[in-house]
Amino acid sequence: QVQLVESGGGLVQAGGSLRLSCTASGRTFSRYAMGWFRQAVGKEREFVAGISISTYYADSVKGRFTISRDNAKNTVWLQMTSLKPDDTAVYYCAARLGIGGREASDYGYWGQGTQVTVSS
């Protein structure tokens, strides 16, 4: 079992940056693949970035977002730069024991989400 808590969301102007954090409970954090997903109003939840042995990104954020983790701190981050209004969504942290994936159904543990709003 792992519990996830996100933080760092907020309101930012287009072109700005935000860093989201996700802190996990438990002592086996390093065994989990971590992912960030987002869900905009009226849209399905979509994959943003993942990290396990390597990092991987959705095409829409590649080159602008960076996912990283510190297993000693039980924390994964999502550094977001060059933000666009289309990035506005609730961002969720997710965990999966073992290897990662790009589908929400791949992940068994979810945080409560943090709102990111990008104004034009």
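Predicted model: local features only at pLDDT ≥ 70, side-chain atom pairs only at ≥ 80, totals over all residues.
Mentor: Local features need pLDDT of at least 70 and side-chain atom pairs 80 or more, while totals for chains, interfaces and linings use all residues. Residues are numbered from 1 along each chain as its sequence is written, and side-chain values use heavy atoms, with hydrogens and water left out.

Trainee: Why is the link of Cys 22 to Cys 93 called a disulfide?

Mentor: A disulfide is a pair of cysteine sulfur atoms within 2.5 Å. Here the S to S distance is 2.1 Å, so the pair qualifies. The structure holds 1 disulfide.

Trainee: What makes the link of Cys 22 and Cys 93 left-handed?

Mentor: The angle about the S-S bond is -75 degrees. Cys 22 lies in strand S3 (residues 18-24) and Cys 93 in strand S9 (residues 89-97), so parts 71 residues apart in sequence are tied together. Strands are DSSP runs of E, at least two residues, numbered from the N terminus.

Trainee: How do you know whether Cys 22 is buried or exposed?

Mentor: Buried means under 20% relative accessible area, exposed over 50%, and partly exposed in between (1.4 Å probe, protein chains only). Cys 22 has 1%, so Cys 22 is buried. Cys 93, at 0%, is buried too.

Trainee: Why do S3 and S8 count as paired?

Mentor: Two strands pair if DSSP finds at least two bridges between them. S3 and S8 (residues 75-80) have 6 bridges in the antiparallel sense, so they pass. In S8, Gln 79 is the bridge partner of Arg 19.

Trainee: What makes S1 and S7 edge strands?

Mentor: The open sheet runs S1-S3-S8-S7. S1 (4-7) and S7 (65-70) each have a single partner strand, so one side of each lacks a neighbour in the sheet.

Note on methods: Helix = DSSP H or I, 4+ residues; strand = E, 2+ residues; numbered from the N terminus.
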